[in-house]
Amino acid sequence: MATAGIVNTKLLKLQYADAPNTPVTVTCLTNAELSISNEMFDTTCKDSGQFKEVIPGQTSGTLSGEAFVAYDSANGHDEVATDTLSQAKLEWVFGTGVSGDTKFSGQGYFSSFSVSSPGQNEGASFSFEITCTGTITKGTFS
């Protein structure tokens with residue numbers, strides 16, 4: 001059954017795996033984001049008057065996330081770093097994982113990875129970005 005009411009942010013997670021394996025959640029995520037953009041191209045002509053006219057062209061997407069560094073985690077810092085360095089093609093899924101809820105999925109590559117060690121008594125964290133390649137699919141978890 002789909003999540004009722006407003007979705008709590010702790011439910012939205014990013015899962016990934018080397019293609020063609022089944023994606024699993026990145027360990028100890030603190031932030032996850034999916035961004036989908038439509039490139040627009042100008043179709044303004046002399047008949048358009050003062051207002052610009054556009055139509056959509058290509059669609060692109062990125063996913064980004066932040067998580068705590070835990071060297072003993074099953075799908076965290078070390079795995080993301082390895083896949084970034086190896087330029088492995090990924091399968092990804094973004095959503096709650098709850099049956100009936102909306103999910104987005106597709107393929108991509110890690111395009112960035114960074115590690116941060118702020119302050120003196122805080123958890124070390126890492127951040128990453130996945131650039132999508134090919135179709136982004138919107139569906140529901142079953």
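Good morning. What I show is a predicted model, in which local features need pLDDT of at least 70 and side-chain atom pairs count only at pLDDT 80 or more, while totals for chains, interfaces and linings use all residues. Residues are numbered from 1 along each chain as its sequence is written, and side-chain values use heavy atoms, with hydrogens and water left out.

Let me begin with the sheet. Strands here are DSSP runs of E with at least two residues, helices are runs of H or I with at least four, and both are numbered from the N terminus. Two strands pair if DSSP finds at least two bridges between them. In general, strands of a sheet pair through backbone hydrogen bonds, either parallel or antiparallel. In this model, 7 strands make an open sheet in the order E2-E1-E5-E6-E7-E4-E3, and the pairing is antiparallel. Strand E2 (24-25) and strand E3 (29-42) lie at the edges with a single partner strand each, so one side of each has no neighbour in the sheet.

Now to individual pairs. E1 and E2 form a hairpin with 5 residues between them, and 2 bridges join these strands. Within that pair, Tyr-16 has Val-24 of E2 as its bridge partner. E1 is also joined to E5, by 6 bridges, and there Gln-15 stands opposite Val-93. E5 in turn pairs with E6 over 6 bridges, with Trp-92 opposite Gly-106 in E6. Helix H1 (residues 77-86) packs on the sheet and touches E1, E5, E6 and E7. Its direction makes about 90 degrees with that of E6, where axes are lines fitted to C-alpha atoms, for helices over the stretch in contact, and angles run from 0 to 180 degrees between N-to-C directions.

Which residues have the most contacts inside the largest nonpolar core? They are Leu-14, Tyr-16, Leu-63, Trp-92, Phe-110, Phe-128 and Ile-130, in a core of 15 residues. Such a core is a set of buried Ala, Val, Leu, Ile, Met, Phe, Trp, Tyr and Cys residues joined through side-chain atoms within 4.5 Å. Buried means under 20% relative accessible area, exposed over 50%, and partly exposed in between, with a 1.4 Å probe and protein chains only. The largest share of the core, 4 residues, comes from E7.

Finally, Tyr-109 is found in strand E6 (residues 102-116). Tyr-109 is partly exposed, because its relative accessible area is 34%. Thank you.

Definitions and conventions
Contact means heavy atoms within 4.5 Å.
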